[in-house]
Amino acid sequence: MPILTILFVLLLSIQGFSTIQFDVIVDRDGSGNFTKISDAISSAPNLSSRHYYIQIRAGVYVENIFIEDHKTNIVLIGEGMDNTIISGNRSFAGGFRTYQSATVGIRGDGFVAQDITFENVAGPNNMQAVALMSESNSSAYYKCRFLGYQDTLYAKIGRQFYRECEIYGTIDFIFGDAAVVLQNSKIYARRPLLGQSNTITAQGRDSSTGGGGISIHNCTIMAASNLSQVETYLGRPWKKFSRTIVLQSQLDGIINPRGWSEWEGRASGLDTLYYGEYQNRGPGADTKDRVKWPGYRILTSSTEAAKFTVREFIQGNTWIPLTGIPFLPDLI
């Protein structure tokens, strides 16, 4: 289908833009330019220096989508995370490698998504099943939901920002080696299989000089509606130099008093990882019984904590304004 020259206009309420001109519209009923999201992405120019805006109208789109590295500055905007849903069911147990299981995989830099749910419905019995995998540098997600069980959100590499999102999962459900800040978001631990515990993060930094890490800032970590009496940990070290920091967040009582877990019972990396907590609140934020690993620290210095803010950790003040997404550059 040829790209229409007529641009569609929609007022958005996000900071920084008064109007957006959509380049194409996706609608399952055929009233837009495309019925499939992947076809709309194919229509985008290669190596675009400007944002290419794709509206995805309400509906469930059962697609596995991969955005190649030459498809830069793609912007997907739905009609709300309850209404616009991209769904897949690939999994490790179904014969796919972890990265291949992603419902949506993104390699093109400058990707932005808003008001969309990304889900993998393979379920807890099928092991690794990724809802979204991002290798997109300077990518941002606003008011999006990520639904899965094991390995829901694969923040693989690059600088990434998530604001007012919802992330659901069980084992290692936020993982990868991107430099990522999750801010003002809700993180839900779901019910795993019988006998399993939950680990929210599995950060994959394998070098002391690597820039990756997971920063959870001013978020709420809580139980999903179907979770009860399951041990839940803030994270475990996937790689030797794993780095995760929880800052100024609400931690509900689901968090095990130890806070953090070894990787499958192994003591590897406990002296080289960097795990930190700073000014958290709630019944799960009590640090008196936390792990005593050499690499774990309770941060008391605002200067040290500030290293993991939007401004310092992902230099977000230089690129997030271009997306129109609101953000806190510094500590509260």
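1. Strand 5 is joined to strand 8 (residues 84–88) by four bridges, and the two run parallel; in this predicted model, local features need pLDDT of at least 70, side-chain atom pairs count only at pLDDT 80 or more, and totals for chains, interfaces and linings use all residues. Residues are numbered from 1 along each chain as its sequence is written, and side-chain values use heavy atoms, with hydrogens and water left out. Within this pairing, Val60 has Ile85 of strand 8 as its bridge partner. Two strands are said to pair if DSSP finds at least two bridges between them, and strands themselves are DSSP runs (E, at least two residues), as helices are (H or I, at least four residues), both numbered from the N terminus.

2. Strand 8 is also joined to strand 11 by four bridges, again with the strands running parallel, and here Ile86 has Phe118 of strand 11 as its bridge partner. Strand 11 is in turn joined to strand 14 (residues 145–147) by three bridges in a parallel arrangement, where Thr117 stands opposite Arg145 of strand 14.

3. How are the two faces of strand 11 (residues 117–120) covered? Thr117 and Glu119 on one side, and Phe118 and Asn120 on the other, are all buried, where buried means under 20% relative accessible area (1.4 Å probe, protein chains only).

4. These pairings belong to an open sheet of eight strands, with parallel pairing and the order 5-8-11-14-17-20-23-26. Its edge strands are strand 5 (59–62) and strand 26 (250–251), each of which pairs on one side only. In general, strands of a sheet pair through backbone hydrogen bonds, either parallel or antiparallel.

5. Taken as a whole, the chain has three helices and 28 strands. Its radius of gyration, taken over C-alpha atoms, is to be set against a globule rule of 2.2 Å times the number of residues to the power 0.38; with 332 residues, a compact globule would have a value near 20 Å, and the chain, at 19 Å, agrees with this. The C-alpha atoms fill a box of roughly 60 × 40 × 35 Å, taken along the principal axes.

6. Buried residues make up 59% of the 332 residues in the chain. Among contacts (heavy atoms within 4.5 Å) with a separation of 6 or more, 66% are accounted for by residues 24 or more positions apart.

Conventions: Buried means under 20% relative accessible area, exposed over 50%, partly exposed in between (1.4 Å probe, protein chains only).
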